[in-house]
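Subject: Handing over a structure, with notes

Dear colleague,

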Amino acid sequence: MKRFHVHVHVTDLAQNIAFYSKMFGAEPARVESDYAKWMLDDPAVNFAISTRGHGHTGVDHLGIQVDNAQDLQAMKAQAQAADLSLIDEGATTCCYAKSDKHWIVDPQGLPWEHFQTLGSIPVFREGEPVAASAEANACCTPKVTGKPVGIPVKSSCC
């Protein structure tokens with residue numbers, strides 16, 4: 001199964017959790033102090049919000065989540081065959097999860113994440129203290145030529 005992924009930066013997590021819970025008719029599958037995620041089946045979407053946008057609100061990145069390594073490899077091969085610029089992170093940790101992932105970036109600079117979630121971690125990214133400030137860490141969008149793509153951020157965690 002493939003699941004569409006959307007990550008949106010918000011300013012007020014509690015207000016947005018209430019809004020999206022009503023809109024989706026479901027509570028989040030995971031809630032942290034700076035993050036919430038819904039894993040919906042209808043429509044099949046992994047919808048995440050976080051307060052890590054450093055003043056930027058709105059869409060951070062889009063993606064496709066797969067259930068197995070074969071589907072992820074097929075998506076990678078398709079991107080490579082189409083000569084799309086690919087940023088291969090391989091095994092990584094970010095957004096409270098262990099995953100295997102790669103990124104492609106659309107002509108506007110919007111990052112698309114292709115990933116398989118392998119497990120859960122108790123922190124936003126590996127090595128981050130549990131009580132770390134969201135201001136000290138950006139979302140896990142990739143860097144291209146030393147600068148993160150997508151939103152302007154202070155640093156990149158992946």
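What follows is an account of the helix, the core, the paired strands and a few backbone details.

Please bear in mind that this is a predicted model, in which local features need pLDDT of at least 70 and side-chain atom pairs count only at pLDDT 80 or more, while totals for chains, interfaces and linings use all residues. Residues are numbered from 1 along each chain as its sequence is written, and side-chain values use heavy atoms, with hydrogens and water left out.

I begin with helix H1, residues 13-24; helices (H or I, at least four residues) and strands (E, at least two) are DSSP runs, numbered from the N terminus. The end C-alpha atoms of H1 are 16 Å apart, which agrees with the 16 Å that its 12 residues should span at 1.5 Å a residue (the expected span is 1.5 Å times one less than the number of residues). The buried residues of H1 are Leu13, Asn16, Ile17, Tyr20 and Ser21, where buried means under 20% relative accessible area, exposed over 50%, and partly exposed in between, with a 1.4 Å probe and protein chains only. Seen down the axis of H1, these buried residues fall within an arc of 130°, so they line one face of the helix; the arc is that of the directions from the helix axis to the C-beta atoms. The face turned away from that buried side carries the exposed residues Ala14, Gln15 and Lys22. After H1 comes Gly25, whose phi is positive, near 65°.

The largest nonpolar core has 13 residues, and those with the most contacts inside it are Val8, Ile17, Trp38, Phe47 and Ile49; such a core is a set of buried Ala, Val, Leu, Ile, Met, Phe, Trp, Tyr and Cys residues joined through side-chain atoms within 4.5 Å. Strand S1 (2-9), H1, strand S3 (35-41) and strand S4 (44-50) each supply at least two residues of this core. Apart from it lies another core, of six residues, among them Tyr35, Cys94, Tyr96 and Phe124.

His9, which has its place in S1, counts as buried because its relative accessibility is 1%. Its side chain is joined to that of Ser50 by a polar contact of 3.3 Å and to that of Asp60 by one of 3.1 Å; a polar contact is a pair of N or O atoms within 3.5 Å, and within protein one must be able to donate a hydrogen and the other to accept it, while residues adjacent in sequence count only if both atoms are side-chain atoms.

Strands S6 (residues 86-94) and S7 (residues 97-105) pair in the antiparallel sense over eight bridges, two strands being paired if DSSP finds at least two bridges between them. They form a hairpin with two residues between them, and Cys95 in the turn has a positive phi of about 55°. S7 is also joined to strand S8 (residues 111-120) by nine bridges, again antiparallel, with Glu113 in S8 as the bridge partner of Trp103.

Two backbone details remain. Most residues other than glycine have a negative phi, and most peptide bonds are trans. A cis peptide bond, however, joins Asp42 and Pro43, with omega about 0°, and Pro43 has its place in the loop between S3 and S4. Asp83 has a positive phi, near 60°, and is exposed, with a relative accessible area of 69%.

With best wishes
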